[in-house]
Amino acid sequence: MLKINNLTIEFGSGDSKVIAVDDVSIEVDRGASLGIVGESGSGKSLTALSIIQLLPPQAKLTSGKIIFDKVDLTKLVKNQIREYRGNRISMIFQEPMTALNPVIKCGKQVAEIIILHQKLSKKEAKKKVLELFNKVNLPRPENIYRSYPHQLSGGQKQRIMIAMAIANKPDLLIADEPTTALDVTVQKEIISLLNNLRKDYNMGLIFISHDLGVISEVADQVVVMYKGSIVESGNIKN
């Protein structure tokens, strides 16, 4: 389903040029889970962000292909990539408080994604959001729908981000260290939820972490990145 071939991402130019991702190649099949593990600055998040063209302005993709369902995403312009981003490919970020808008109620934020891509009415979208909140095991969905992000716990905010990410039943879900800011108990609940959703929707999952223990609970395959390169890869059970 997803095939990244010889991806290279650079910052700067000339003598100040820094290669942040160096000739990286990975594959993710439908329904499969790939773990990308590495320390901070290893290039794992940049690799993921490049898939949906969310690289920071100073970063430049200088070579490589990102083939998703036979389409090279690197060749798409902004209007075209929007058809994939948040629809067929979704992403969960590490810190939900910065990803959620603090002045808009949580339910409305999820509903906006559904209305944009599914062209539903506000009433239909709200019904869909409440169903999603139940799906991700949020308590009192009606109350959560009317709540602002600051009124919820970290675990609840992360579940809202997951609900938003799966709202359009994506083919591929990218989770960028989604459990790092959570305590151990909530972390395990989120991992279990992601595993169940992957099976229910038969979607591919890229799970990014610096923790091999967490990767072992969620991934089928794993790649280890260091200083922008893949230094090891293999089946998680081997």
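What is the relative accessible area of Glu10, and does Glu10 count as buried or exposed?

Reply: Glu10 has a relative accessible area of 13% and therefore counts as buried; buried means under 20% relative accessible area, exposed over 50%, and partly exposed in between, with a 1.4 Å probe and protein chains only. The model is predicted, so local features need pLDDT of at least 70 and side-chain atom pairs count only at pLDDT 80 or more, while totals for chains, interfaces and linings use all residues. Residues are numbered from 1 along each chain as its sequence is written, and side-chain values use heavy atoms, with hydrogens and water left out.

Glu10 forms a salt bridge with Lys17, and their closest N and O atoms are 3.9 Å apart. A salt bridge here is a side-chain nitrogen of Lys or Arg within 4 Å of a carboxyl oxygen of Asp or Glu. Lys17, at 42% relative accessibility, counts as partly exposed. The structure holds 11 salt bridges, and a network of them links Arg30, Asp69, Arg88 and Asp171.

A further salt bridge joins Lys44 and Glu177, with the closest N and O atoms 3.7 Å apart. Lys44 lies in helix H1 (residues 44–51) and Glu177 in the loop between E7 and H8, so the pair ties together parts that are 133 residues apart in sequence. Helices (H or I, at least four residues) and strands (E, at least two) are DSSP runs, numbered from the N terminus. Both Lys44 and Glu177 are buried.

Asp176 belongs to strand E7 (residues 172–176). Asp176 is buried yet has no salt bridge, and Lys44, the nearest side chain of opposite charge, is 6.5 Å away; Lys and Arg count as positive and Asp and Glu as negative, while His and the chain ends are not counted. The side chain of Asp176 does make a polar contact with that of Ser45, at 3.0 Å. A polar contact is a pair of N or O atoms within 3.5 Å; within protein, one must be able to donate a hydrogen and the other to accept it, and residues adjacent in sequence count only if both atoms are side-chain atoms. Setting aside residues up to four places away in sequence, Asp176 touches residues including Met91 and Ile92, contact meaning heavy atoms within 4.5 Å.

E6 and E7 run parallel and are joined by four bridges, one of which pairs Ser90 with Leu173; two strands pair if DSSP finds at least two bridges between them.

Another salt bridge connects Lys126 and Glu142, whose closest N and O atoms are 3.7 Å apart. Lys126 lies in helix H5 and Glu142 in helix H6, so this pair ties together parts 16 residues apart in sequence. Lys126 counts as partly exposed at 30% relative accessibility, and Glu142 counts as partly exposed at 35%. The buried residues of H5 are Ala125, Lys128, Val129, Leu130, Leu132 and Phe133, and what covers them includes helix H6 (141–145) and helix H7 (154–166). Just after H5, Asn137 takes a positive phi of about 65°.
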